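Let's take a friendly walk through this structure together. Keep the 3D view open as you read.

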Amino acid sequence: VVARCPGQTGEYDTQYYEDSFGLAFSGSSLIGLNLASTISSLTSQLVGRTREAIPSFQDIADFAVRITRKYVDAIGQLQGRVPPFKGAIFGWCHGDSQFKLLSFGPVSTTSPDVFTLLVDLTVPDSVFLMGNHTEEIADRIREFQQRFQPSAARDVVPQNIIWGLIYDRIYEDIGGELQHGRGSSKGFFLYPNVRSVLNEDQQTFRDQVSFRGLDLYDDSTVGSVGPCRPFF
């Protein structure tokens with residue numbers, strides 16, 4: 001999210017606000033990819049008459065839901081049904097000085113309307129899940145959390161459970177890669193994941209550094225960008 005106001009020339013060339021939020025999505029990639037691209041592009045080109053014109057977390061979330069409704073309506077008319085999906089906007093709300101998460105998804109496969117739900121993140125051990133098998137996964141997370149006292153080890157239980165579900169293929173319909181992101185008062189940031197994988201000799205391990213499922217240091221996938229390399 002970037003906002004600019006008029007500078008000395010009268011043009012909107014003075015940046016006065018910058019922030020970022022996380023978007024998670026499951027289900028229809030047609031809606032998800034279009035939504036991510038559109039809201040990212042449009043919210044990075046905001047303008048305000050004064051420096052006090054700062055959009056809140058709710059403003060950004062409401063905007064994302066309005067765009068989603070447009071895509072749901074268009075795809076529903078084209079395909080004759082609304083594809084299943086669920087999304088969430090997450091980040092730090094400067095107005096209320098707290099983290100917020102707004103979940104949204106289709107009301108049904110026939111209605112163009114979209115529901116919204118503000119998730120309470122102040123509950124101890126709060127975990128938000130979406131997609132398939134959420135109740136079973138939530139039970140598994142709670143079971144393991146009870147084995148730890150409040151600590152860093154307890155905090156990473158949800159991440160470790162999801163990691164195991166993906167790479168051990170506990171459920172046939174849950175795969176892909178783990179992507180790690182963190183929200184703070186300075187914005188939302190994505191980080192690479194590091195895991196040990198077997199080398200071709202099947203006897204030694206190496207650390208695989210991946211970002212959105214791509215090995216950052218494997219020349220056959222990402223490799224270099226001209227004279228530079230991705231770095232985290």
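Predicted model: local features only at pLDDT ≥ 70, side-chain atom pairs only at ≥ 80, totals over all residues.

Find β6 and β7, which run antiparallel and are joined by six bridges. Within this pairing, Pro106 stands opposite Val114 in β7.

Now let your eye widen to the sheet around that pair. The sheet is open and made of four strands, in the order β3-β5-β6-β7, with antiparallel pairing. Which strands stand at the edges? They are β3 (22-27) and β7; each has a single partner strand, so one side of each is left without a neighbour in the sheet. As you step from one strand to the next, the twist averages 15°.

Two helices pack on this sheet, and you can trace them in turn. Helix α1, residues 29-43, touches β3, β5 (85-93) and β6. The direction of α1 makes about 165° with that of β3. Helix α2, residues 57-79, touches β5, β6 and β7, and its direction makes about 10° with that of β6.

To finish, return to the pair of strands where we started and look at what links them. The loop between β6 (98-106) and β7 (114-119) is where Val107 is found.

Notes. Residues numbered from 1 in each chain as written. Heavy atoms only, no water. Pairing = 2+ DSSP bridges. Axes fitted to C-alpha atoms, helices over the stretch in contact; angles between N-to-C directions. Contact = heavy atoms within 4.5 Å.
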